[in-house]
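I opened the notebook to record what I looked up in this structure, entry by entry.

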Amino acid sequence: MNGKVRTAALLAVFALLLLPLTAGTAGTAAADGPSVRLSTAQAGTGGSLTVSGSGWRSHALLMILVCGRSTPSRGVLGGTNSCANGDGRAVTTDAKGSFSRKVPVAEPPVPCPCVVHVATVEGAKAQADAVLKVAGHAVEPLPAQPSGGRLSILTDPRLDGADGLLTWFGAPPSRTLVFTVGNVGTSPIRNPVFQVGTSHGVFAPQWEDQEWRGTLGSGKKARIRLPVELAAGAHGDYTVSLKYGGKVLAEQPWGVGRPWGVTLFWVLVCLVVPAALFRAGMAIVDRVRPRRAGGLRHRGLRLPELALRLPGLGNQKPGAHAAPPTAPTLPWFTPDSDPHTAGRLSAPHDDSPTSPTTPTRKGTT
């Protein structure tokens, strides 16, 4: 019995020793996640403060902004339009996900309450806010939160549609953002107005209000389709964001191909236009060039010169037949040594056998 009591006492001691460690681990796990700390909670315009953070992804690019109409619980109402974007600063976290950056204090374009807003620029979205009092800046209460209906995304959004031939030649790419939402509030929502934004690279989204016509009752869901269109000639990696009630509900990447038809068009222009100008210039030169007397130009060869180069065509009249060719007289033969007169070295005489002047031989009788 004493052994069993001793064993139970040892187990109780070990449990008491492990309890603080377990509590510490739970507290660390709860504290995990992006966090932001400020060197001072109040600063005036023109001053500066140091912003530090931990729990971020390693080697992540972050943007630090001073924003108005914001609280850590409700976020930044109005998005980056409520922030002093011109005085923002970028910082990259270290291998442990921590950072420290000195930033200037600037007045946001809207009244306070204000926060220092830190958010990732690329990759998985993450953000954190810290309360900041900007001395001398106006302060107004935040608009009341809408009561009753509340929308929630039930399915992952997707982009429907494809590029056509005109898009290949620089027409604006367009898609349809399709998603399913549900009303998890207690009252119906009539004609909700969504904000659809498109962003490229590190730039902030450009928001556009789009109203969905209909009524969504409490506990009901609906499939919503909203058109999305980019500027003409847009290409690269884009992100389509969906926001409702000042809160971003979903984000969808969109890879837009390059309009190679425009490149082909300019290549053809660079080849065809110089060739056409060259042909036009040669035609002008051919008309302006002076003509020679008595000659006609025909592909660079004058007809009189062609007639002189061809024997027998220089002085031939129309309808006349060409004379038969005569034997040429070679320069090294004299008239007396012409081969045609060989054997006629004496004066011409008659060789006829009946000639009276030719002596005849009489044979012996």
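**Aromatic rings**

I looked up tyrosine 244 and found it partly exposed, because its relative accessible area is 22%, where buried means under 20%, exposed over 50% and partly exposed in between, with a 1.4 Å probe and protein chains only. I note that this is a predicted model, in which local features need pLDDT of at least 70 and side-chain atom pairs count only at pLDDT 80 or more, whereas totals for chains, interfaces and linings use all residues. Residues are numbered from 1 along each chain as its sequence is written, and side-chain values use heavy atoms, with hydrogens and water left out.

I then listed the aromatic pairs and found five in the structure; rings of Phe, Tyr and Trp (its six-membered ring) pair if their centres lie within 6.5 Å, and planes under 30 degrees apart count as stacked, over 60 as edge-to-face and the rest as tilted. Phenylalanine 194 and tyrosine 244 make a tilted pair, with 5.4 Å centre to centre and 45° between the planes. This pair links distant parts of the chain, since phenylalanine 194 sits in strand β15 (residues 193-200) and tyrosine 244 in strand β19, 50 residues apart; strands (E, at least two residues) and helices (H or I, at least four) are DSSP runs numbered from the N terminus. Phenylalanine 194 counts as buried, because its relative accessibility is 0%. I also looked at phenylalanine 265 and tryptophan 266, whose ring centres are 5.4 Å apart with planes at 70°, so the pair is edge-to-face. Phenylalanine 265 itself is partly exposed at 46% relative accessibility. Phe179, Phe194 and Tyr244 form one aromatic cluster.

**Glycine 236**

I went on to glycine 236, which has its place in strand β19 (residues 236-244) and is partly exposed at 22% relative accessibility. Leaving aside residues up to four places away in sequence, glycine 236 touches His200, Trp254, Gly255 and Val256, where contact means heavy atoms within 4.5 Å.

**Backbone entries**

I checked the peptide bonds and noted a cis bond joining cysteine 112 and proline 113, with omega about 20°; proline 113 is in the loop between β8 and β9 (114-120). Arginine 69, although not a glycine, has a positive phi of about 50°, and it lies in the loop between β4 and β5 (70-71). Asparagine 191 is likewise not a glycine and has a positive phi of about 50°, in the loop between β14 (189-190) and β15. Arginine 69 is partly exposed at 31%, and asparagine 191 is partly exposed at 29%.

**Cavity and whole chain**

Which residues line the largest cavity? I found Ile64, Leu65, Val66, Ala84, Asp87, Gly88, Val103, Pro104, Ala106 and Val116 there. A cavity is a set of points on a 1 Å grid over the protein atoms alone where a 1.4 Å probe fits but cannot get out, and lining residues have an atom within 4 Å of a point. β4 gives the most to this lining, with three residues.

Among contacts between residues at least 6 apart in sequence, 65% join residues at least 24 apart.

Notes:
1 Å grid on protein atoms, 1.4 Å probe; cavity = no way out; pocket = protein on both sides within 12 Å on 5 of 7 lines; lining within 4 Å.
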